[in-house]
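Here is a short tour of one model, written for someone who likes to think in distances and angles. Have the viewer open and follow along.

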Amino acid sequence: MAAADSDMAVLTAEAQLKDIVQNLYNLIVQSYDHQGGKTQDAMKREVQSLIQNLVKLSRTAPAVYIDIPPEVTNYVENSRNPDIFTREFVETVQRMNQMLKGRSDALQMLQEQIAWQLTNVIPDLKDDVTKAVESTGGHMPASRTQLL
């Protein structure tokens with residue numbers, strides 16, 4: 001199925017879901033403010049409209065493909081809020097990013113330390129070491145105080 005067809009199916013299903021929610025809202029309002037026969041007739045029409053919208057949605061649904069991670073499905077099946085999964089996922093990603101940032105900083109400091117030591121021990125390699133460090137996104141420390 002083409003991406004455009006899938007996108008159109010999703011948009012159609014979304015509009016149908018909005019119609020269903022509106023039907024349900026109308027039924028809630030009518031039941032809350034029930035005024036006899038007129039309200040009863042309006043509620044019958046609203047239920048018929050709801051059924052028609054549900055049928056339309058059931059016909060559209062097979063054309064909609066949305067990849068939902070199994071972890072989210074498990075959360076919902078276990079009567080848990082998927083927003084909790086999202087929050088926990090974001091927190092985990094933030095922790096991982098902080099850890100990777102720390103590793104990246106540590107490796108950069110190690111690179112600078114090794115470069116500084118190499119250029120001090122073998123001054124003839126300074127140009128080659130500088131090229132290697134700069135080609136990997138690092139920078140050469142000018143002095144030992146920059147490393148500390």
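In which helix is the place of leucine 54? It is helix H2 that holds leucine 54. Please keep in mind throughout that this is a predicted model.

With a relative accessible area of 42%, leucine 54 is partly exposed.

Helix H2 covers residues 37–60. Its 24 residues should span 34 Å at 1.5 Å a residue, and the C-alpha atoms at its ends are 35 Å apart, which agrees.

The buried residues of H2 are Thr39, Ala42, Glu46, Leu50, Asn53, Leu57 and Thr60.

## The nonpolar core

Which residues make up the largest nonpolar core? It consists of five residues in all: Ala13, Ile20, Leu27, Leu50 and Leu57. Helix H1 (3–32) and H2 each supply at least two residues of this core, and H1 gives the largest share, with three. In soluble globular proteins, nonpolar side chains tend to be buried together.

Not counting residues up to four places away in sequence, leucine 57 touches Ala13, Gln16, Leu17 and Ile20.

## A buried glutamate without a partner

Glutamate 46 has its place in helix H2. Is this residue buried or exposed? Glutamate 46 is buried, yet has no salt bridge. The nearest side chain of opposite charge belongs to arginine 45 and is 7.2 Å away, whereas a salt bridge needs a side-chain nitrogen of Lys or Arg within 4 Å of a carboxyl oxygen.

What does glutamate 46 touch, then, if residues up to four places away in sequence are not counted? The contacts are Gln22, Asn23, Asn26, Leu27 and Gln30. One of these, glutamine 30, is found in helix H1 and counts as buried at 17% relative accessibility. Leaving aside neighbours within four places in sequence, glutamine 30 is in contact with Thr39, Ala42, Met43 and Glu46.

## Aromatic pairs

How many aromatic pairs does a search of the whole structure find? The search finds two. Tyrosine 75 and phenylalanine 85 form an edge-to-face pair, with 5.3 Å from centre to centre and 70° between the planes. Tyrosine 75 lies in helix H3 (residues 70–77) and phenylalanine 85 in helix H4 (residues 82–121), so this pair ties together parts that are ten residues apart in sequence. Both tyrosine 75 and phenylalanine 85 are buried, with phenylalanine 85 at 17% relative accessibility.

Phenylalanine 85 also pairs with phenylalanine 89: the ring centres are 6.2 Å apart and the planes are at 20°, so the pair is stacked. Phenylalanine 85 and phenylalanine 89 are four residues apart in helix H4, which is about one helical turn. Together, Tyr75, Phe85 and Phe89 form one aromatic cluster.

## Salt bridges

A search of the whole structure finds four salt bridges; here are some of them. In helix H1, glutamate 14 and lysine 18 are four residues apart, about one turn of the helix, and their side chains meet at 3.6 Å, N to O. Glutamate 14 counts as partly exposed at 38% relative accessibility, whereas lysine 18 is exposed, with a relative accessible area of 55%.

Lysine 101 forms a salt bridge with aspartate 105, with the closest N and O atoms 3.0 Å apart. Lysine 101 and aspartate 105 are likewise four residues apart, in helix H4, and aspartate 105 is partly exposed at 30% relative accessibility. In another salt bridge, the side chains of arginine 80 and glutamate 88 meet at 3.9 Å, N to O. Arginine 80 is partly exposed, at 39% relative accessibility, and glutamate 88 is partly exposed too, at 30%.

Conventions:
Residues are numbered from 1 along each chain as its sequence is written. This is a predicted model: local features need pLDDT of at least 70, side-chain atom pairs count only at pLDDT 80 or more; totals for chains, interfaces and linings use all residues. Side-chain values use heavy atoms; hydrogens and water are left out. Buried means under 20% relative accessible area, exposed over 50%, partly exposed in between (1.4 Å probe, protein chains only). Lys and Arg count as positive and Asp and Glu as negative; His and the chain ends are not counted. Contact means heavy atoms within 4.5 Å. Rings of Phe, Tyr and Trp (its six-membered ring) pair if their centres lie within 6.5 Å; planes under 30 degrees apart count as stacked, over 60 as edge-to-face and the rest as tilted. A nonpolar core is a set of buried Ala, Val, Leu, Ile, Met, Phe, Trp, Tyr and Cys residues joined through side-chain atoms within 4.5 Å. The expected span of a helix is 1.5 Å times one less than its number of residues.
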